[in-house]
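Subject: Structure for your files

Hello,

I am passing on the structure we spoke about. Please open it alongside this message.

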Amino acid sequence: MLEQHRLLPQMPDERPHHSLARRRSLYAVVLGLLLLLWPLGAGTPSSGAVISRKFQIQAAFVFNFTRFVTWPSHRFAGADSPIIIGVLDDNPFGDELAAIVKNRKVGARAVEVRMVATAAEAGFVHILYVGAGHEGRMEEMREALRAACVLTVGESRRFAELGGIIDFVLDGDKVRFEINLEAGEDAGLKISAQLLNLATTVRRKS
Amino acid sequence: MRSLRDLPIKHKLTLISMVTSGAALLLACGSFMSYEQITYRHEMARDLSITARMIGFNCAAALSFNDAASAEQTLKGLNVEPHIVAACVYDMANHTFATYNSAAGVNYRWPVPRGSGEEFGPDSLEIFQKIESGGEKIGTIYVRSNLEEIHALWRRYAAIAAVVLLVAILVAWLVATKLQRVISEPVRQLAAIASRVTAEKDYSIRAIKRGDDELGRLIDGFNAMLGEIQRREGDLQAAQDGLERRVQERTEALRIEVKERENLHRQLLETSRQAGMAEVATGVLHNVGNVLNSVNVSATLVADRMRRSKSANVGKVSVLLGEHEADIAAYLTGDPNGKMIPAYLATLAEQLAEEQAAVFAELEHLRKNIEHIKDIVSMQQSYAKTSGVVETVSVPDLVEDALRMNAGSLARHDVDVVREYRDRPVVTLEKHKVLQILVNLIRNAKYACDESGRVNKQLTVKLTADDRGVSIAIIDNGVGILAENLTRIFAHGFTTRKTGHGFGLHNGAIAAKELGGSISVHSDGPDQGATFTLSLPYKPNAIIHDKSPS
């Protein structure tokens with residue numbers, strides 16, 4: 001069952017949307033987006049490759065997922081063990097993701113980016129980005145990923161169909177995501193309600 | 001309007017109670033309200049801070065994933081808190097990411113984000129709160145609340161405080177009205193007793209003591225004071241009684257003393273009356289004596305004349321005629337002796353007639369003197385009465401009478417009498433007193449002239465009158481008076497003569513005084529003569545001016 005959740009269910013929105021307010025909020029979103037993108041673009045001056053804005057945003061989102069997802073404690077050796085983001089086979093972000101995570105921490109944990117090629121390698125990461133066209137590879141590692149409580153992030157319908165947990169979708173020119181909560185829970189992950197709120201769709205256990 | 005000072009004590013006490021409880025309550029309410037305000041502001045700031053943190057937290061994902069619409073939805077949830085008027089989420093670059101404004105349509109100027117913290121404005125509370133995610137700051141949230149709740153609270157508290165204050169004052173009034181009697185009643189009673197004591201002057205009244213507090217002691221003191229006053233009142237009364245008794249005694253003593261004095265006075269009066277009578281008798285006798293001198297002189301003269309009378313010669317002639325009875329014709333014609341008889345008889349008859357005339361004159365004089373004595377006696381009799389006999393007389397006639405009474409002695413001592421009657425007034429007075437004075441003055445003048453031994457002895461009587469009265473001056477050119485004697489010449493018993501007894505002038509002066517007049521004396525010294533002037537204040541009934549002295 002798919003259902004849209006608001007952040008604060010205790011605060012029901014009874015106010016009708018005002019067209020002016022909506023337009024203004026839209027404007028604010030666009031402005032905010034542009035401003036958000038600015039430091040990201042500035043953060044990759046060394047990268048020669050021009051990374052599409054979609055991937056820049058996806059890279060930022062992938063990092064941000066670390067804050068709204070909780071892994072079982074056995075996935076970490078200690079309280080300050082790093083969160084490892086793996087990119088399966090092919091890196092669409094260039095140096096973007098590495099630049100984003102560099103010197104940043106989530107709680108006490110640092111964040112690292114690794115390239116993943118095998119299922120064994122995949123068992124060490126906490127997030128695995130599965131680029132378009134690599135969904136078959138993920139299929140192969142499916143059990144290992146589930147056992148290792150890996151949050152899988154992809155960007156295709158096929159990825160979602162294959163049981164990927166967070167799937168980027170484009171809403172106009174806006175990057176958004178769907179969440180397969182069932183798969184996440186299967187993998188032993190706790191996904192923040194806030195994150196679920198932001199998802200365009202959430203698949204839950206029926 | 002009555003001032004607070006004049007308010008009865010019971011009202012004062014009630015007022016004090018009310019004011020005290022009111023003040024205490026006001027202070028308590030004030031403190032409580034202030035404390036509530038501070039606490040409430042703290043709480044409000046804390047609540048708003050929590051709200052901001054929660055909203056910030058709820059916006060963290062939206063901010064992280066750039067979902068402004070979601071953030072705005074979250075912010076919209078603030079509309080359940082009517083006091084929150086505006087909220088805003090800023091991104092890392094401090095640009096507004098999502099906003100909320102309770103008053104739709106108002107273009108809100110969003111403040112530049114500051115560090116976390118709250119700030120109270122005059123009618124607003126603003127909070128900035130950083131938004132964190134994974135321990136990292138990802139933005140700022142701003143929440144602004146109005147202070148309507150605080151103001152409403154304040155108004156509510158003020159209303160409650162007012163009501164409580166009112167009720168408390170009312171209760172205080174009720175309680176104080178009952179309880180003030182504990183103090184005011186004894187005071188009121190004391191005041192009433194004091195008033196009664198003052199009004200009735202009854203110091204035996206006592207105030208009733210109720211307790212042993214200060215009022216009790218005051219009442220004790222008051223009663224003691226009353227006792228003291230009562231005691232003193234008694235003493236005073238006793239003293240007063242004693243005083244009255246003493247006054248009575250003293251009055252009695254005085255009365256007796258006065259009586260004694262009256263007796264003494266009466267005795268003295270009697271003595272003086274007797275003395276006066278003696279004095280009067282002396283005066284009368286003196287005057288009578290004076291006249292008797294004249295009488296004596298007249299009698300002696302008559303006796304001498306009679307002794308030397310030629311009447312015996314008639315007998316001798318008769319004897320001769322008898323011897324010659326037979327031949328009487330011959331004897332008368334032939335006898336030499338007989339021839340002389342008719343001539344002799346004629347001479348004798350002439351002599352006898354002369355003698356008779358002289359004796360007759362002297363007897364007339366004698367008669368007048370005796371008349372004067374009679375006058376003196378009758379004057380004395382009238383003097384003995386309350387007032388003398390008042391007659392209307394001519395003053396010159398009076399003076400003439402006086403001169404006539406002394407005429408014999410004046411003539412004997414060759415004293416010339418000069419009369420200068422400028423006026424001839426007629427006045428109404430006691431004739432004999434004036435006569436007595438004048439006789440006395442004339443006799444004195446005669447003595448003065450006599451003693452001087454001079455040849456041209458002269459006595460001048462000057463009579464003048466004007467509107468104020470009559471003046472009779474007796475002026476002599478006799479021995480005069482020493483200056484030192486002028487002042488005491490009228491004193492009783494003063495005299496310069498060997499035979500004088502110092503009564504004449506004194507008596508005269510008294511008589512003049514009794515007539516309302518006076519006697520004055522003037523002398524230029526020894527041998528310069530003297531002038532005695534009798535001034536009488538009688539207004540003349542008529543004045544007959546007589547330029548030529550008679």
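This is a predicted model: local features need pLDDT of at least 70, side-chain atom pairs count only at pLDDT 80 or more; totals for chains, interfaces and linings use all residues.

Residues are numbered from 1 along each chain as its sequence is written, chains are lettered from A and ligands numbered from 1 in the order in which they are written, and side-chain values use heavy atoms, with hydrogens and water left out.

Chain A

Chain A has nine helices and ten strands; helices (H or I, at least four residues) and strands (E, at least two) are DSSP runs, numbered from the N terminus. Eight strands make up an open, mixed sheet in chain A, in the order β3-β4-β2-β5-β6-β7-β8-β10. Strands count as paired if DSSP finds at least two bridges between them. Within chain A, strand β5 (residues 127-130) runs parallel to strand β6 (residues 151-154), and four bridges join them. Leu128(A) is placed opposite Thr152(A) in β6(A).

Of the 206 residues of chain A, 48% are buried (under 20% relative accessible area; exposed is over 50%, partly exposed in between, with a 1.4 Å probe and protein chains only). The accessible surface of chain A is about 10,400 Å², and carbon and sulfur atoms contribute 55% of that (Shrake-Rupley method, 1.4 Å probe; for residues, only the protein chains shown count as cover). Among contacts in chain A with a separation of 6 or more, 60% are between residues 24 or more positions apart (contact means heavy atoms within 4.5 Å).

Thr70(A) belongs to strand β1 (residues 69-70) of chain A and is partly exposed at 46% relative accessibility. Its C-alpha atom is 5.9 Å from that of Leu189(A), 119 residues away along the chain. Apart from neighbours within four places in sequence, Thr70(A) contacts Gly188(A), Leu189(A) and Lys190(A).

Aromatic groups and charges

Over all chains there are 15 aromatic pairs (rings of Phe, Tyr and Trp, the last by its six-membered ring, with centres within 6.5 Å; planes under 30 degrees apart are stacked, over 60 edge-to-face, the rest tilted). Phe61(A) and Phe168(A) are a tilted pair, because their ring planes meet at 45°, with the centres 6.1 Å apart. Phe61(A) is in helix α2 (residues 53-68) and Phe168(A) in strand β7 (residues 166-171) of chain A, 107 residues apart. Phe61(A) is buried at 3% relative accessible area, and Phe168(A) is buried at 4%. One aromatic cluster contains Phe61(A), Phe65(A), Phe68(A), Phe168(A), Phe177(A) and Phe65(B).

In chain B, Arg41(B) lies over the face of Phe120(B), 4.2 Å from the ring centre (NZ of Lys or CZ of Arg within 6 Å of the centre and within 35 degrees of the ring normal). Lys446(B) has its charged end over the ring of Tyr447(B), 4.1 Å from the centre.

Two buried residues in chain B

Thr140(B) is in strand β5 (residues 136-146) of chain B and is buried, at 2% relative accessible area. Beyond four places in sequence, its contacts include Cys88(B), Tyr90(B), Arg114(B) and Phe128(B).

Gln37(B) is in helix α1 (residues 9-64) of chain B and is buried at 11% relative accessibility. Leaving out residues up to four places away, Gln37(B) touches Ile150(B) and Trp154(B).

Regards
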